[in-house]
Structures are given as structure tokens and as C-alpha cells.
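This briefing goes through a structure topic by topic. Please keep the sequence and the 3D view open while reading.

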Amino acid sequence: MTISARLPGHPEFLWREDEPKASYDVVVVGGGGHGLATAYYLAKNHGITNVAVLEKGWLAGGNMARNTTIIRSNYLWDESAGIYEHSLRLWESLEEELDTQVMFSQRGVLNLAHNLSDIREGKRRVNANQLNGLDAQWLDAQEIGKLVPILDVTDRPRHPVLGGTFQPRAGIAKHDYVAWGFARAAQALGVDIIQHCEVTGFQTSGDRVTGVSTTRGDISFGRLALSAAGHSGVLAGQLGVRLPLQSHPLQALVSELLEQVLDTVVMSNAVHVYVSQAHKGELVMGAGVDAHVGYGQRGSFHVIEEQMAAAVELFPIFARAHVLRTWAGIVDVTPDASPIIGHLPFENAYVNCGWGTGGFKATPGVGSVYADTVAHERPHPLAAPFALDRFTTGRLIDEHGAAAVAH
Amino acid sequence: MLRIPCPHCGERDATEFHYGAAAGVDYPTDPAALTDGEWAAYLFVRANPRGWFRERWFHAAGCRLWFHVERHTVTDQVRTVREGAA
Ligand SMILES: Cc1cc2nc3c(=O)[nH]c(=O)nc-3n(C[C@H](O)[C@H](O)[C@H](O)COP(=O)(O)OP(=O)(O)OC[C@H]3O[C@@H](n4cnc5c(N)ncnc54)[C@H](O)[C@@H]3O)c2cc1C
Ligand SMILES: [Zn+2]
């Protein structure tokens with residue numbers, strides 16, 4: 001008997017490879033977490049099942065399976081608390097909803113303060129969060145030392161830990177499982193999932209967008225829902241719409257597998273690093289974006305170098321860990337560090353973008369809210385404040401404090 | 001690392017520079033005459049192409065002058081460099 005005959009067979013595929021049809025009620029462009037979740041909720045909550053998700057590469061090959069999976073809702077403004085907390089509540093029942101494991105672990109997220117302005121910003125945010133009913137707390141350095149014993153909370157570091165915000169219900173999940181779970185559940189309800197299908201242009205008629213040209217032929221639709229993250233500006237540009245977005249490389253890295261030493265997510269805006277330890281044991285770390293516009297899915301090495309220096313300063317025992325792998329995604333950043341959700345200047349076209357460095361946590365939340373917006377052809381109340389026109393009215397939702405270190 | 005050819009000092013590591021985003025965005029000559037939409041476009045909307053891009057860089061750790069670079073945003077290849085702050 002040959003070796004291969006003794007090996008187990010290939011496991012069942014989680015979803016089919018669908019062939020594109022000529023026409024759909026709704027075409028979702030982008031097979032990341034947001035596009036897949038949107039398609040799922042269109043089918044599940046609104047009975048709209050004649051839906052295709054078009055993905056130019058493979059499912060979750062964009063930012064979805066490149067992110068560091070931090071999930072939290074402790075943003076400053078009421079509008080943000082609204083949508084991020086809606087999402088966190090959906091995370092809390094997502095495994096039952098999708099009937100699949102996503103390894104959602106509510107291990108808490110700590111945001112360290114290293115100077116007076118960090119303390120002021122953090123305490124202000126905790127107060128704002130508590131007014132919004134969120135589980136936010138302020139911890140002093142001693143309490144942080146008890147929570148995370150491997151963190152150096154003495155006054156030795158160049159930027160000592162002076163305190164921090166803590167959200168116990170925050171945590172991490174396994175990002176690829178989340179994408180696959182939404183894909184499988186959406187397809188079971190009738191959604192077509194079409195990979196290796198790049199949208200290359202649009203057909204319009206008056207104030208309607210009627211179809212897309214793709215690398216797998218033309219497809220027409222009733223409604224269009226863009227969800228292309230880092231490439232949203234490129235796609236909107238093909239429709240003649242200029243979005244207030246800049247696309248930047250954002251990197252992350254993992255160490256080799258280590259014993260479990262860290263059961264809380266720790267983030268620091270001031271020294272610019274954040275870290276969690278995955279279930280398997282690798283340390284997962286991220287930092288800031290490269291300053292320049294970039295679509296190459298490659299970041300600059302000096303960002304990694306600075307991030308490692310910061311990590312070792314905070315966690316002296318990391319000094320002997322080895323970096324196993326680094327990578328980058330392309331994140332679409334808005335001027336106020338908040339997303340854009342709503343109508344494009346066409347009757348039947350919508351956009352969800354601008355989540356920048358922090359949209360993984362929003363996956364179920366924005367999926368449900370965006371699906372509702374597209375289904376009812378009006379903004380869902382949680383999406384309304386994030387409409388494109390806020391840049392004209394001046395009603396910005398400035399989350400630079402809550403989003404200062406990429407996550 | 002991204003390398004930027006300064007027209008005055010030659011090619012250096014990007015860490016010596018400060019990024020200035022899209023080139024050729026002039027302050028409006030008569031801001032009060034703009035509609036809200038035009039003002040928003042001036043304040044918030046910048047070119048963000050996948051491909052060739054004219055952008056500004058400032059050589060903070062060198063000659064301390066602003067200049068223009070035409071860079072490809074996928075390959076980081078630089079095609080032209082030009083002196084001048086505008
Ligand atoms: C390194 C890194 C770390 C991050 N860490 C966190 C974190 O800890 N917590 C958090 O909340 N967020 C984090 N994020 C941000 C988060 O990953 C994104 O905000 C989120 O994934 C965006 O939504 P998405 O999943 O739909 O995007 P994507 O997965 O990028 O989906 C967009 C899809 O559109 C496709 N597409 C683009 N153009 C076309 C076209 N023309 N035709 C067809 N398809 C097209 C792309 O191939 C892509 O698959 C991180 C991002 C990165 C890069
Ligand atoms: Zn110079």
C-alpha cells in the first residue's frame with residue numbers, strides 16, 4: 001500500500017466554487033469579512049438570497065486573514081460606541097449564529113498610559129464608555145501588574161506604565177474561521193461566492209449603476225454594495241467618486257510558538273506596539289502604518305524594528321523570542337479614523353470602507369448594519385452618522401485617540 | 001526599506017524623510033467663495049492611486065527641503081524627482 005492510500009482523504013470543503021450568473025439582486029464586491037458578513041445578513045435577516053460576493057483573489061486573502069484579531073468596543077464617541085458595541089454583542093453569540101467555532105476569547109484588552117496626556121485621554125474615554133453602558137475600567141500601574149505579571153510596571157522603562165484602560169469583554173478570535181463561517185452560512189442560504197473574479201469597471205445608466213465588468217465576464221444587478229477595504233478608493237474612482245481615503249501598508253508579525261505567558265491583550269499608543277498570545281502559543285504583535293500611500297502589501301522594516309524595541313521594553317522576557325513571520329495588508333484610512341458606511345452618489349450603490357486599521361472587530365456588526373442599509377435602501381440608524389456627507393457637514397467622528405495604535 | 005532620492009542629497013533611507021502626501025494641492029485662492037463640498041474636497045480628499053503617484057517628501061534629517069517624487073504605489077519604484085515645495 002502506498003503512503004497516500006493510508007492517509008485520510010481531503011476534508012469536506014466548507015463552501016462550493018460558484019460560477020457567476022448573468023444577474024443578481026445584490027452584488028457585493030470584496031470577499032473579506034465585511035463582504036461575507038453582509039451577504040450572510042442580507043440572506044438571513046432580509047430574505048435577499050440572490051446575492052453574489054465577488055472576490056478578486058481568495059476568500060479572506062485581503063486584510064481579513066492578515067489582521068491581529070483584536071475585538072473591543074471602547075471607542076470615545078456615542079456613534080462609535082453604538083456600532084462597535086452592537087458588533088461586540090454579536091460576537092458574543094456568533095458561534096451559535098454560524099454554527100461554527102471562531103475561538104472568540106474574551107480575555108480583556110488593556111490600553112496602557114505612559115504620560116499625562118495618555119492618562120487624561122484614557123480616563124476621559126473610560127468615563128465616556130461608562131456613560132454608554134460599556135464595561136470600561138481605569139486601572140493603576142499596580143493593578144495592571146497583577147493582571148499581566150510579565151509586564152514591567154516599575155519605573156525602569158523609558159516610558160513607564162502609569163495606568164491604563166481595561167475592557168474585560170474585549171478579546172480576540174480566529175480570523176480565518178470567522179470568514180469561513182460566514183462564507184459557509186451565507187452559501188447555505190443561497191449566496192454565490194465567486195473567487196478569482198476581479199471587478200474592473202462599472203456600467204451606469206443615469207443615476208444608477210447597472211452592472212460590473214469582471215475578469216469572469218459582465219454581471220448586472222439591482223443593487224451594488226462595495227466592501228473592498230484597501231481598494232475602495234480604486235473602485236469608487238472607477239465610478240467617478242473620490243473618497244476621503246488614503247491606503248497604507250499595515251504590518252503585523254508572530255513569534256515562534258511559546259508557552260502561554262500572556263492571557264490579556266496589551267496595547268500601547270505611546271510606545272506603539274500591541275501584543276496578544278494566540279491559542280497555539282505565538283505572540284501576535286502589531287504597530288503603526290507606514291506613512292506613505294502603498295498598495296504592495298509590504299511594509300517597511302524599520303516599523304518592525306521600532307515595534308520590537310517597544311515590546312522588549314515593556315516585556316523584558318520577550319527579548320529571547322524569535323520573529324517567525326511578518327506580513328502586511330493595505331488599510332484604508334479616513335481623516336477622522338472612523339469608517340464610511342452608506343450611499344454613494346448613485347441611487348442603488350452603497351459603500352462600506354474606511355475601517356482602516358480596526359475593522360475586524362466590526363465584522364458581524366457592520367455586516368448586519370450594512371445589509372440592513374442595502375435591504376431597506378436607507379441608512380440603518382447605527383450607520384447613519386458614518387455617511388460620506390459628514391466630511392461636508394463637518395460632523396466628523398474623531399477616533400484618533402481610541403485608534404492611535406493600529407488595531 | 002523604501003529609499004527616497006533627494007534631489008539635493010541623493011538616495012537615502014525613507015526614515016530620514018517626512019511624508020507630505022499628494023503633490024500639487026494648492027491652497028484655494030478665494031476660500032470663502034467655495035461651496036461646502038469644494039471646501040470638504042480641499043480639506044479631506046487626496047489622490048490615492050494604485051499606480052504612479054506624485055507626492056511630496058521633506059528631507060528632515062538632511063537638507064530640510066520639500067520636493068516632489070513620482071513613485072509607483074505598488075512597486076515603490078521612483079520615476080521622477082523634482083525640486084520645489086509646492
Ligand atoms: C496587519 C493588520 C492588523 C490588523 N489588526 C486588526 C485588529 O487587531 N483588530 C481589528 O479590528 N482590525 C484589524 N485590522 C483591520 C481589519 O483587518 C480590516 O479593517 C478589515 O479586515 C476590513 O474589512 P474586510 O475584512 O472586509 O477587508 P478585506 O479582507 O481586505 O476584504 C476586501 C476584499 O476586497 C477584495 N477586492 C479588492 N478589490 C477588488 C476588486 N476590484 N474586485 C473584487 N474584489 C476586490 C480584496 O481582494 C479583499 O479580499 C488589521 C489590519 C491589518 C492589515
Ligand atoms: Zn536632502
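**Briefing on chains A and B**

A:D140 stands opposite A:G163 in strand 5 of chain A. The model is predicted: local features need pLDDT of at least 70, side-chain atom pairs count only at pLDDT 80 or more, and totals for chains, interfaces and linings use all residues. Residues are numbered from 1 along each chain as its sequence is written, chains are lettered from A and ligands numbered from 1 in the order in which they are written, and side-chain values use heavy atoms, with hydrogens and water left out.

**The sheet of chain A**

- Strand 4 and strand 5 (residues 163-167) of chain A, the strands of that residue pair, run antiparallel and are joined by four bridges. Two strands count as paired if DSSP finds at least two bridges between them. Strands (E, at least two residues) and helices (H or I, at least four) are DSSP runs, numbered from the N terminus.
- Both strands belong to an open sheet of eight strands in chain A, with mixed pairing and the order 4-5-3-11-12-13-10-14.
- Strand 4 (137-140) and strand 14 (323-333) of chain A each have a single partner strand, so one side of each has no neighbour in the sheet.
- From one strand to the next the twist averages 20°. Axes are lines fitted to C-alpha atoms, for helices over the stretch in contact, and angles run from 0 to 180 degrees between N-to-C directions.
- Helix 5 (residues 116-131) of chain A packs on this sheet and touches strand 3 (109-113), strand 4 and strand 5 of chain A. The direction of helix 5 makes about 145° with that of strand 4 of chain A. Contact means heavy atoms within 4.5 Å.

**Domains of chain A**

- Chain A is divided into domain 1 (23-68 + 176-244 + 335-403) and domain 2 (106-168 + 246-333). The bounds come from an automatic or database domain assignment.
- The centres of domain 1 and domain 2 of chain A, taken over C-alpha atoms, are 29 Å apart.
- Between these domains of chain A, 18 residues of domain 1 are in contact with 20 residues of domain 2.
- Domain 1 and domain 2 of chain A bury about 1400 Å² between them, with 51% of it on carbon and sulfur atoms. Buried area is the accessible area (1.4 Å probe) that two parts lose on being put together, summed over both.
- On the domain 1 side of chain A, the residues that lose the most area to domain 2 are A:R66, A:T68 and A:G230, together 39% of what that side buries.
- A salt bridge is a side-chain nitrogen of Lys or Arg within 4 Å of a carboxyl oxygen of Asp or Glu.
- An unreviewed UniProt entry carries the annotation "domain: Rhodanese" for residues 26-70 of chain A. UniProt positions are given in the numbering used here, feature names are shortened, and annotations may be inferred rather than shown by experiment.
- Residues 26-70 of chain A are 31% helix and 18% strand, and the end C-alpha atoms of this span lie 30 Å apart.

**Salt bridges**

- Over all chains, a search of the whole structure finds 23 salt bridges.
- One of them joins A:R169 to A:E92, with the closest N and O atoms 3.0 Å apart.
- A:R169 lies in the loop between strand 5 and helix 7 (175-188) of chain A and A:E92 in helix 3 (residues 78-92) of chain A, so the pair ties together parts that are 77 residues apart in sequence.

**Chain B**

- Chain B has one helix and six strands, which run β-β-β-α-β-β-β from the N terminus on.
- The C-alpha trace of chain B spans about 40 × 25 × 20 Å along its principal axes.
- Strand 1 (residues 3-6) and strand 2 (residues 10-13) of chain B pair in the antiparallel sense over four bridges. They form a hairpin with three residues between them, and B:R3 stands opposite B:D13 in strand 2 of chain B.
- An open, antiparallel sheet of chain B has four strands in the order 3-4-5-6. Strand 3 (18-22) and strand 6 (78-83) of chain B are the edge strands, each pairing on one side only.
- Within chain B, strand 4 (residues 52-58) and strand 5 (residues 66-72) run antiparallel and are joined by seven bridges. B:F53 stands opposite B:R71 in strand 5 of chain B.

**Interface of chain B and chain A**

- In this interface, 21 residues of chain B are in contact with 20 residues of chain A.
- The area buried between chain B and chain A is about 1700 Å², and carbon and sulfur atoms give 59% of it.
- B:F44, B:N48 and B:R50 supply 38% of the area that chain B buries against chain A, more than any other three residues.
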